[in-house]
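User: I would like to learn how to read the features of a structure, one at a time. Please begin with the general idea and then turn to the case at hand.

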Amino acid sequence: MQKMQEWYQYFYTGQDCSRILQDISALTALELGQTSHAYAAAARHTLALLQAAGIPQAELLSFPADGRTAYQDKRMPLAWEATIGKLTLLNTGSPDYNRLNFSGPDSSHDFVAADFQQHPFHLVKGSVATAPGGQIARIITEGQFLSGEDPRGCLVMLQPLTSPRAAVLKPILDQGGLGIISDYLQGRYKTPDALQWVNACTEGAHWHVQADDRPFVAFSVTPRIGDFIRDRATAGALKARVECDGRRYEGTLPAVTALLPGRRSEEVWLLAHLYEPLADDDSFGVVAAIEAARGLMARGTPEFSVRLVFAMEFYGYAAYAASRGENLRPAVVGALNLDSSLAPPELELQIHLAGPGTPFYGNALAELLVRALAKQENAPRFAFNRYPGAYHDDQFLSDPSVGVPTIWPLPAHNEFWHNSSQTAAWLSREGVRRGAAICSTLVEMLANPRPEWLDPAFRLAEENLADDLRLLSEKPFGRPAERLRHCWQRETERLQDFARFCSAAAVQEAVAALAAKYRALSVGLADSEKPTPWRAYAADIVPKRQTVGLPYDLAKVPVRQRRRLPDGVLYGPFANILANLDGRKDLGQVIREAEYEYRAALSEAQVKKYVDAVCYLADWGYLSLLQEVRIGVEEIVAALRQLGVREGDLLLVHSSLSGCGHITGGAMSIITALKQAVGPGGTLLFPTFTRPYIYLGDVLNKNYNYRPFDPADTSQIWVGAVPQAFLEQNPAPLRSRHITHSWAGVGPLAEECLRQHQPCDPPAGESSPLALACQHQGKVLFFGCPLASVTFLHYLETHCQMPFLQPAVCRRRTPDGGLETVLIDKHLPGHRDFYCGNQAHKCKFFRRAFERGLQLQQTSLGVGMLQMLSLPQLFEIGCQLLREDPRVLLCDDPECTFCRQF
Ligand SMILES: [Zn+2]
Ligand SMILES: [Zn+2]
């Protein structure tokens, strides 16, 4: 422990802070351009820095930048080049920030709001070329776009708090927008003339434009100019000349590495990313890493070899790790990632421990370091939290399938994240000094660990275990005995990793002593619980990882079938779940372990979400299920029979693909089974609803989920995977033409039920498939979903002329590619009492209907339920109830702004 203090002092006083700042400044200047050219220059410069520092085996590596190649399921960016990127507002004059309405005295001249040549951040990387000389585009605000302004050919000026990412970019491009202008900026009120460096303006979770991404042009402007643009665009037609010569192409992405050989060949990795052009993020990291290597080298040969890796954040690391092989555990001890790892005196520094899936003595040493430096005057103040131990983008190599546990120091707040004010001149000298000294100390500790640290690490483990016992009684969930056992196992594995540099006997002794401590602490802890349905289901599944690295870009999945994985994969318990799947433990146990590691209980809905995501990954080969509850076509047909489905039936099918558990063969198995159950004489109708609403009832569309109705685009369908699969995989599906409430079907009565409904009829009126299915004595089936999905009740509302049906304004795509705005009468705005998910069977309407004799057929399937009602009976009882009490479908919550109006 004393060594740690000495080392920190040594580095703190010994390092050359002026050189560090100079090097940061030079590297940032090269990276600033954001282009592939700039990347190459930054990599060459870094190589030169390594060589100048005398670090051995420095070399330049090259990976494809083709937007396609994936390493560990992280798909590489496309290369990009630009020299022109200019946004000129026409006839606005210059903004006058001293006047409230911004307008300057003279509006006859143009104003350049963004210019790549003035500051490269002005042009968002990935932007594509306009016609030479530029093109004239209208600028509309985000608010105007959401209120239904046609964005074709326009740039959309986003709101100050809207991050320029997939959630906004995708819908704007979907509707023919040219691109966006963003003034989103952290630290905006302290730096109103600074620019955001926009790093992830893509249509997905990825951070760089890939081959699947559509073209756009986008600009980053300062908050002051953003305010001016919004003001002008709100006042009237604002036009701009947009000039860009951006070019995406298949190129290469460099990385730089060097190796400081130790007495042993196992490597400690020191990571710092290139290409983000901010002095703190991460020119500092690169320079501090070289400084640490220089310091280490000056002190002789280290025990473990030290590998420096400078590459593109996340993607570059994945590429480098993949180039070294699959599981790196035998070759690599662990890693330290320096990313924005400054330690300004006014901020607390948090050392994020490596995710627990790959045990690391370094986690214990980091904890000891925090204690050792607690009272040292020139050391950072630490905000230490040993939970949860993460796998996020700076630590994802900790996943056991890769096997490089990664520690990451980061100040608790970075209020100027990706803010152009973060130049070397802005950095606090003391922050640089402390940050670099901490980095050097950590590297020294990891590369030259000392056997005498086993003893304090053991005592730390004992304390942690006692603390875990306190924490679990403070916030109890799960099985207390199992939870403490898991904490003990994690502490034990961490101690066992000390065997890398301590005698096996000493480690064994510590491990045995910890076991004794654990046994004493665990006396009397309860070790059972009553499992919930989804936990019980998960306990019957044993998944095994099939690929290296945490799945991220879903490169194995066709674009249309990709979906967002829980927690963005890396940023929550889902990563811990994936990390802990070892092919032996069942999923129920692994989910519990993730909860223990996060110290937070998951709700039943969250458990279901994780189970569903695991099964989805299994469907696409990222995992295999060594054991599972099989629900295939045969099981589904049997359940449908049990429920009372007969040959020749006409069924309206509401469904949830995940509602019963994992369906072997996915949505198509459900469709095949339904067809078998009703036979060739039966008819199936699936809802294929979409949301082309600009305005519904008295509510403006506030969400980005609105799209002009396009029957060819099945991704617009929001009622589940089964109808989508039905449309996509059926050779000649019949689909009604309604803009918001279309149905698709198969069988002898399908055409008759579907053809009458006109595109702009009331969605649930007499011409709708709902009414016709009822006339044909149909039934409504709920496959794994609650009664809340029952659209048929809206037909009752329409039939009984309820006053709460109101018009909607919608938009659709015309066959010639244009857009048309239409009005639909008697639409379905607002709230209903039965919109209550799993509790719908207990709502006012169904309670009363069951009292009147409404027959609900039910049978269980997997972890879920199939339910069925007869439409004529529902119609008859429903109409009676509505006539007796027109509010029977509305809720009685006085806070409900919709229902209380009637
Ligand atoms: Zn960074
Ligand atoms: Zn209500």
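**Reading the features**

Analyst: The structure holds 32 aromatic pairs. This is a predicted model, in which local features need pLDDT of at least 70 and side-chain atom pairs count only at pLDDT 80 or more, while totals for chains, interfaces and linings use all residues. Residues are numbered from 1 along each chain as its sequence is written, chains are lettered from A and ligands numbered from 1 in the order in which they are written, and side-chain values use heavy atoms, with hydrogens and water left out.

User: How is a pair of aromatic rings described?

Analyst: A pair of aromatic rings is described by the distance of the centres and the angle of the planes. Rings of Phe, Tyr and Trp (its six-membered ring) pair if their centres lie within 6.5 Å; planes under 30 degrees apart count as stacked, over 60 as edge-to-face and the rest as tilted. The rings of W534 and Y537 are edge-to-face, because their planes are at 75 degrees, with the centres 5.5 Å apart. W534 and Y537 are three residues apart in helix α14 (residues 533-539), which means about one helical turn separates them. Helices (H or I, at least four residues) and strands (E, at least two) are DSSP runs, numbered from the N terminus.

User: Are W534 and Y537 buried or exposed?

Analyst: Buried means under 20% relative accessible area, exposed over 50%, and partly exposed in between (1.4 Å probe, protein chains only). Both W534 and Y537 are buried. Elsewhere, ring pairs link W207, F314, Y315, F396 and Y552 into a cluster.

User: Which strands does β14 pair with?

Analyst: Two strands pair if DSSP finds at least two bridges between them. Strand β14 (residues 264-274) is joined to β15 (residues 304-312) by nine bridges, and the two run parallel; L274 stands opposite M312 in β15. Six bridges join β14 to β16 (residues 332-338), also in parallel, and here V268 stands opposite G334. Nine of the eleven residues of β14 are buried, so the strand is largely enclosed by the rest of the structure.

User: What do β14, helix α7 and β15 make?

Analyst: A crossover is right-handed if, with the strands pointing away from the viewer, the path from the first strand over the helix to the second runs clockwise. β14, helix α7 (residues 283-298) and β15 make a right-handed β-α-β unit.

User: How is the geometry of each site named?

Analyst: Four donors count as tetrahedral if all angles lie between 85 and 135 degrees; four count as square planar and six as octahedral if opposite donors are over 155 degrees apart and all others between 65 and 115; anything else is irregular. The zinc ion (ligand 2) is coordinated by H831 (ND1), C891 (SG), C896 (SG) and C899 (SG), at 2.1 to 2.3 Å. Its angles of 105 to 115 degrees make the site tetrahedral. C896 counts as buried because its relative accessibility is 12%, whereas H831, at 27%, is partly exposed.

Methods
Donors = N, O, S within 2.8 Å, 3.2 Å for Na, K, Ca; no water.
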